[in-house]
Amino acid sequence: MTFARAGRIDWHSLRFLLPAAILGSIIGVTVSLSISMQSLHWAINATVVISAALLVLQPRRWLRPPAQTNPRVGVTLVILVFLIGIWIGFIVLDGGTYLLFALVLVGGFDIARASAMKIALMAAATAACVPQLLSSQTVNWEFALVLTVGSVVGSVIAAKLVLLPGASKWMYRLLVALVVVEVLHLTYTALDG
Amino acid sequence: MDSAGLLAALVLAGLGLGFANTFASGGSVVSLPLLLMLGVAPQVANGTNALRYWWGQLSQR
């Protein structure tokens, strides 16, 4: 994280939000490791469908911060962050989007500050899950490493391509098509098995 | 799937993930279902994806 972004983080507000997110994520990962494989598979399927819908709808474009930002960390925001923390520990998927909405719409933070705080909260919440994931041996290191390296390369290529005229539209369509294929495959295997 | 095919699928998934990062907040929408499609157990797919996400968060600029 750069100093520029770090400077946007409201550490004073995070003193209540970080413990809430971390506690929630520990509960969430405990639940994900406790439930049956079939239940988790169904939960992932449902989450991927919702996430695919969010990818198409792009709810961030509706995100309008209040005209006059007056950030406040009340009980409601702490409870919301705790619940989102449970979600992050459980599946991670779209947890960042939910955090961003909570920080802007409930906390009253501007988008830049909320984005920086979201990264800090997500990093802390996912870090809190790592010891349990490692001790339960539910991490495939080779897969994680290849995915991470591929993701860095993919981001660099995407960043170059997006500058070409009309490219971003086609990249977006390709991505949606890929996710739709994955959703169809997941649904088929779930119904078949 | 043989190991070369598996590696190719993972590299493609990683590239798709990078593309997804350009348009969406995460990229888990690509990687998580793909791990399941490759036959990885749900708990392992979830754990692997969480670790991958954490690494990504740490490297965010």
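Predicted model: local features only at pLDDT ≥ 70, side-chain atom pairs only at ≥ 80, totals over all residues.

Biologist: Good, then let's start with a single residue. In which helix of chain A does Ser32(A) lie?

Modeller: Look along chain A, which has eight helices and zero strands. From the N terminus on, its elements run α-α-α-α-α-α-α-α. The one that holds Ser32(A) is helix α2 of chain A.

Biologist: Is Ser32(A) buried or exposed?

Modeller: Check its surroundings: leaving out residues up to four places away in sequence, Ser32(A) touches Leu40(A), Gly89(A) and Phe90(A), plus Gln43(B) and Asn46(B) from the other chain. Buried means under 20% relative accessible area. Ser32(A) has a relative accessible area of 2%, so this residue is buried.

Biologist: Let's zoom out to the two chains. What is the area buried between chain A and chain B?

Modeller: The size of an interface is often given as the accessible area lost when the parts come together. In terms of residues, 57 of chain A are in contact with 46 of chain B. Carbon and sulfur atoms give 77% of the buried area, and the total is about 4,500 Å².

Biologist: Which three residues supply more than any other three of the area that chain A buries against chain B?

Modeller: Together that trio supplies 15% of what chain A buries against chain B. The names to find on screen are Phe143(A), Leu147(A) and Glu182(A).

Biologist: Which helix gives the most to the side of chain A that touches chain B?

Modeller: The elements of chain A that each supply at least two residues to that side are α2 (11-34), α3 (37-57), α6 (111-135), α7 (141-161) and α8 (167-192). By type, the residues on that side divide into 36 nonpolar, 17 polar and four charged. The top contributor, with 15 residues, is α7(A).

Biologist: Now the inside. Which element gives the most to the largest nonpolar core?

Modeller: That core has 35 residues, and those with the most contacts inside it are Leu14(A), Leu17(A), Leu103(A) and Leu121(A). Elements giving two or more residues are α2, α4 (75-90), α5 (95-106) and α6 of chain A, together with α3 (42-58) of chain B. With 11 residues, the one that gives the most is α6(A).

Biologist: Which residues does Leu121(A) touch?

Modeller: Leu121(A) is one of the residues with the most contacts inside that largest core. Setting aside residues up to four places away in sequence, Leu121(A) touches Leu14(A), Leu17(A), Leu18(A), Ala21(A), Leu99(A) and Leu103(A).

Biologist: Over to chain B: why is helix α2 of chain B described as largely enclosed?

Modeller: This helix covers residues 28-37 of chain B. Its buried residues include Ser28(B), Val29(B) and Leu36(B). Helix α2 of chain B is largely enclosed by the rest of the structure because the buried residues number nine of the 10.

Biologist: Which residue just after α2(B) takes a positive phi?

Modeller: The spot to check is just past the end of that helix, where phi is about 90 degrees. The residue is Gly39(B).

Biologist: Where in chain A does Val92(A) lie?

Modeller: Val92(A) has a phi near 75 degrees, a positive value in a residue other than glycine. Its relative accessible area is 3%, so Val92(A) is buried. Asp94(A), with a positive phi of about 65 degrees, is placed in the loop between α4 and α5 of chain A. Val92(A) also lies in the loop between α4 and α5.

Terms used: Residues numbered from 1 in each chain as written. Chains lettered and ligands numbered in written order. Heavy atoms only, no water. Contact = heavy atoms within 4.5 Å. Buried area = accessible area lost by both parts, 1.4 Å probe. Helix = DSSP H or I, 4+ residues; strand = E, 2+ residues; numbered from the N terminus. Nonpolar A, V, L, I, M, F, W, Y, C, P; charged D, E, K, R; others polar. Core = buried A, V, L, I, M, F, W, Y, C linked by side-chain atoms within 4.5 Å. Buried < 20%, exposed > 50% of the residue type's maximum accessible area, 1.4 Å probe, protein only.
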